[in-house]
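Here is a short report for a first look at this model. Keep the sequence and the 3D view side by side as you read.

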Amino acid sequence: MNKMEKRDELKAILDEALQEFPDIQLPSAFTDTLVRKLEKRLAWREVLAEFGLKIGLVLGALSVLAAVLFFPEKNSEIPIFTYLLQNWQVLAALALIFFFTYFFDQVFLRFLFRRNKY
Amino acid sequence: MDDVTLVARVRDGNTHAFRFLVDKYRNLVWHMVLRMIDRREDAEDLCQDVFFRVFRDIGKFRGDAKLSTWIGSIAYHICIDHLRRNKRDLVTAVEQFTPAMLAKVDIPENIGGMDRTAIKKLVHRVIDAMPYNYRIVITLFHLEGFSYREIEVITGMPEGTIKSYLSRGRQIIHDKMLAQVPEIKAILFETN
């Protein structure tokens, strides 16, 4: 092998080395783990979106009801509003209990069951 | 499955298509991340972050570049953010780099003659000791086969800089090989 050939061989080794990667591989389960995590995230997002939508619907319905009751008799005192204003602490407590029970049932438990599936 | 169909299915939230996409591009992302990040423990987490970002932003993929280029760009920027968070002197390190800094590259065993495997190991060690800009450009060009234009899209570096990193990086590796393997030096500079 003359000098030129040896130089070419060195160049070839360098090219070969540059086109290879050290033998460190991603774990074979990488794709499975990643997709499982993604599915969990998607499930969590879906459950939260559904919950938000339902809460939005309830609040929307209550707002419409309040508006229907309030606007026709704006200038007179409406007994139901007086009652609600006088007992707002009880109502707030009831609303909180409703919210957390609903959240627990619709989000937390559902997510827990879905998580066990993955 | 071609990339257009793949992107359309992933965009629809199809996790099977996403699995296919991950399998297709996992090596590209792994090579890029591992070449840019010194800590191997962080590399796998960063690969996951890259694919989560791909899934989240797939709607933004317009198809004016190849899917591999777009994914490469996401991987590059996630690695840069990671490096910035962990090393403040990232830019300075690249600017202050001189080939003399490679003197500390340790050679695990005595390399004798033209032992291909040992020389390749040396090449990889030299690459690992270079700043991230050299490493990533060398990896994208030689290992992944991207063109200068595609590397420009991925890294945002001008084409001239890319060419300069490639030729300088290659020269550095070459010089280091000559310095570390006396028998090669003897072969190349022997008087016929």
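The report covers the interface between the chains, then a helix pair in chain B.

## The model

This is a predicted model.

## Where chain A meets chain B

The contact draws 33 residues from chain A and 37 residues from chain B. About 3800 Å² is buried between the two chains, and carbon and sulfur atoms give 68% of that area. On the side of chain A, Leu10(A), Leu18(A) and Phe21(A) lose the most area to chain B. Together they make up 19% of what that side buries.

## Salt bridges and polar contacts

There are 4 salt bridges between chain A and chain B. A salt bridge joins the side chains of Lys120(B) and Glu16(A), at 2.6 Å from N to O.

Two elements of chain A give two or more residues to the side that touches chain B: α1 (3-18) and α2 (30-70). Of the elements, α1(A) gives the most, with 13 residues. By class, the chain A side has 16 nonpolar, 5 polar and 12 charged residues.

## A helix pair in chain B

Now look within chain B. Helix α2 (residues 15-36) and helix α4 (residues 67-86) have axes that come within 10 Å. These axes cross at roughly 35°. The crossing of α2(B) and α4(B) is right-handed.

Residues of α2(B) in this contact include Leu21(B), Tyr25(B) and Leu28(B). From α4(B), the residues include Ile71(B), Gly72(B) and Leu83(B). The contact of α2(B) with α4(B) has 14 nonpolar and 2 polar residues, and no charged residues.

Conventions
Residues are numbered from 1 along each chain as its sequence is written. Chains are lettered from A and ligands numbered from 1 in the order in which they are written. This is a predicted model: local features need pLDDT of at least 70, side-chain atom pairs count only at pLDDT 80 or more; totals for chains, interfaces and linings use all residues. Side-chain values use heavy atoms; hydrogens and water are left out. Axes are lines fitted to C-alpha atoms, for helices over the stretch in contact, and angles run from 0 to 180 degrees between N-to-C directions. Helices (H or I, at least four residues) and strands (E, at least two) are DSSP runs, numbered from the N terminus. A crossing is left-handed if the near helix is turned anticlockwise from the far one by less than a right angle, and right-handed if clockwise. Contact means heavy atoms within 4.5 Å. Ala, Val, Leu, Ile, Met, Phe, Trp, Tyr, Cys and Pro count as nonpolar, Asp, Glu, Lys and Arg as charged, and the others, Gly among them, as polar. Buried area is the accessible area (1.4 Å probe) that two parts lose on being put together, summed over both.
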